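Okay, everyone, thanks for coming. Let me put the sequence and the model up on the screen, and then we'll walk through it together.

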Amino acid sequence: MREIPESDWKLFRAVREAALDRYCARVLEESAAIVADERETNHERYIRLYRLLAKRDRTLADTFNDPRRSVARIQLAQMDALGLVTDIELARFSADTRDSVRRIRSAW
């Protein structure tokens, strides 16, 4: 896959930061719900929280780690699949990049 155009790369970096913040907020909300659930023992909640964070950390790494122009479209497709990119943000990318994101998502 070819690299993302320079204008889309600049936009990607900004959208990536916003999407990362949204992802972390989502994980923190899920974590707070587990911690607040007093129907379980502290140990049960700890185990649930540990498992959640391990799973979410893998997703975070796959989606956000090591951003490069050569993988930007794949990472953008992952962010989109997770519901972390708004339609307005996605619309700001070039038609070619949007088409690539759609093709990647449909292949999954």
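Quick housekeeping before I go on. This is a predicted model, so local features need pLDDT of at least 70 and side-chain atom pairs count only at pLDDT 80 or more, while totals for chains, interfaces and linings use all residues. Residues are numbered from 1 along each chain as its sequence is written, and side-chain values use heavy atoms, with hydrogens and water left out.

One of its pairs is Arg 48 with Asp 37, at 3.5 Å from N to O. Arg 48 sits in helix H2 and Asp 37 in the loop between H1 and H2, 11 residues apart. When I say helix, I'm using DSSP runs of H or I, at least four residues, numbered from the N terminus. Asp 37 is buried at 11% relative accessibility, whereas Arg 48 is partly exposed at 34%. The cut-offs there: buried is under 20% relative accessible area, exposed is over 50%, and partly exposed is in between, using a 1.4 Å probe and protein chains only.

Searching the whole structure gives 12 salt bridges. Another of them joins Arg 105 and Asp 80, at 2.8 Å. Arg 105 is in helix H5 and Asp 80 in helix H3, so this pair ties together parts 25 residues apart in sequence. Here Asp 80 is buried, at 16%, and Arg 105 is partly exposed, at 35%.

Then there's Glu 3 with Arg 69, whose closest N and O atoms are 3.9 Å apart. That one goes from the segment before H1 to the loop between H2 and H3, 66 residues apart.

Now for the inside. How many residues does the largest nonpolar core have? The count is 20, and Phe 12, Phe 64, Leu 76, Met 79 and Phe 93 have the most contacts inside it. A nonpolar core is a set of buried Ala, Val, Leu, Ile, Met, Phe, Trp, Tyr and Cys residues joined through side-chain atoms within 4.5 Å. Helices H1, H2, H3 and H5 each supply at least two of its residues, and H1 gives the most, with 7.

Last stop, Met 79. Leaving aside neighbours within four places in sequence, Met 79 is in contact (heavy atoms within 4.5 Å) with residues including Phe 12, Phe 64 and Val 85.

Key
Salt bridge = Lys/Arg side-chain N within 4 Å of Asp/Glu carboxyl O.
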